Structure formats: structure tokens, C-alpha cells
Amino acid sequence: MNDMVLQFVMAAIPAVIAITFHEAAHGFAALALGDDTAREQGRLSLNPLRHVDDVGTLIVPGVLMLAQLATIGRVTFLFGWAKPVPIAAWRFRNPRRGMMLVAAAGPAMNFLLAWSMAVLLHLAPFVADRFQLGFKQFGEIFIIANLVLGLFNLLPIPPLDGGRIVVGLLPEGAARTWARLERAGIVMVLLFVFLIPLVLQQFGIAWNPVGDALGDVIPWAYQNVLWLAGHE
């Protein structure tokens, strides 16, 4: 029981940090581009409580962690979201390009966090023996949590960051059409990424393209983050 609680805490802390810094990065990027809406509304903060979404920050990550701990005894996948940071795109000199840069700041922050933890893992040999294994496990979970959040958000579906990046890259007419998907985007994500694969699994049908893709990409990304941090 104590081991399960420890595993839960070791998974919860990276998830909260990853989600909080992801949202804060959007706000800081917007401020740099001339929009201080997030600062005015108290969302330009690294305080997790300022960004908590009941479903995305608490329920979804919590259920995922508990389900994995109950079945395989460890956490290998985490996902969640926070309350979107308010952005007033009209304050940008180029609203479409500004929104693209603000959107890209979230995943970029997650990748920076993953790399920073990989650098810190060089300190593992200097950690006391009884804490060394826990330090390495925490580092691995931290890196994976940030890679999952960053890569998932790069899916080209509004309102995910990848969708907004696509809107900034497409010609204006196509961009407007793609941006209209934002109203139904989160429903599409929940259906095709979570609900439909789960329902089909009950009928013995293995169909989970996003999960399978992440399952292939995450180990590759993890190894490359370690390599970029100087690990052999």
C-alpha cells in the first residue's frame, strides 16, 4: 500500500508540473508578443492552483494513474490538461502568427522540462544509495509525462496546440476552415483518442491509432532526450 501511494505521488508531481508549466508558457509567450490578458487575470503564474481544471487536471490524470497502479503496479502513461490561459489574439501585431507562436510555446516548454530533467539525471551517482533508484524512477516519469503532454498537444486538431499551429501555417481561407473545427475539436479528441478505442476494446477490437503512435514515438523521443542531455 505504501509503495502504491509513493508511486502515485511520484507520478502526480510530474503531471502537475508538466501541465502547469505548459499553460504558463502560453501566457508568457503571449505577454512577450504584446498581450497581457493572462497577467491581468492572474494566470501568468507557476502556481498550479491558478490553472487547475477539475476534469483535466484532477480526474483524468488521477483515474489514469490509479488504473495503471491497480493493473500493472506502475505508471507508464499520463495525460491531462489545465484551464486554457486567456489570450487576446487581436493584441498581436499578426494575430494568426502570434497565436501559432503562443500555441507552440506549450509543447516547447514540455520538451525543455524533459531535457532539463535528463540533464539532472547525471547527478544520480551522487545521490545516496537508498534514494538513487527513486530519483531515477522520478526522473523517468517526469521526462515521459512531459513528452506525452508535449507530443499529444502537437496533434493537428484544434483546440490542441498542433491545430492552432496548423491554422497559423495554412493560407488564410484554409486556416479559417480549419479553425472552425475548434468548436468540435475537443469532442473529436475525446471520442477518437479515448472513448471509441475503449469501447472497441470491449469487443476485442484493437483500434487505437493515437495511442499506438505515441507508444512508438515516446520511447524514441525518450532516448533522444537522453542523448541530447549527454547520456550514452
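Mentor: One term is needed at the outset: two residues are in contact when they have heavy atoms within 4.5 Å. Please also keep in mind that this is a predicted model.

Trainee: Which element has the highest mean pLDDT?

Mentor: Over the protein, pLDDT averages 87, and 96% of the residues score at least 70. Among the elements, helix α3 (residues 54–71) has the lowest mean, 76. The highest mean, 96, belongs to α4.

Trainee: Which element gives the most residues to the largest nonpolar core?

Mentor: That core has 22 residues, and I143, L147 and F152 have the most contacts inside it. At least two of its residues come from each of α4, α5 (129–152), α8 (182–202) and α9 (209–228). With seven residues, the element that gives the most is α9.

Trainee: With which residues is I143 in contact, leaving aside its neighbours within four places in sequence?

Mentor: I143 is one of the residues with the most contacts inside the largest nonpolar core. Once neighbours within four places in sequence are left aside, its contacts are A114, M117, A118, L121, Y222, V225 and L226.

Trainee: Is L112 buried, partly exposed or exposed?

Mentor: L112 lies in helix α4, which spans residues 95–120. Buried requires under 20% relative accessible area and exposed requires over 50%. Because its relative accessibility is 44%, L112 counts as partly exposed.

Trainee: How far apart in space are L112 and P156, C-alpha to C-alpha?

Mentor: In sequence, L112 and P156 are 44 residues apart. In space, their C-alpha to C-alpha distance is 21 Å.

Notes
Residues are numbered from 1 along each chain as its sequence is written. This is a predicted model: local features need pLDDT of at least 70, side-chain atom pairs count only at pLDDT 80 or more; totals for chains, interfaces and linings use all residues. Side-chain values use heavy atoms; hydrogens and water are left out. Helices (H or I, at least four residues) and strands (E, at least two) are DSSP runs, numbered from the N terminus. Buried means under 20% relative accessible area, exposed over 50%, partly exposed in between (1.4 Å probe, protein chains only). pLDDT is the predictor's confidence in each residue, from 0 to 100. A nonpolar core is a set of buried Ala, Val, Leu, Ile, Met, Phe, Trp, Tyr and Cys residues joined through side-chain atoms within 4.5 Å.
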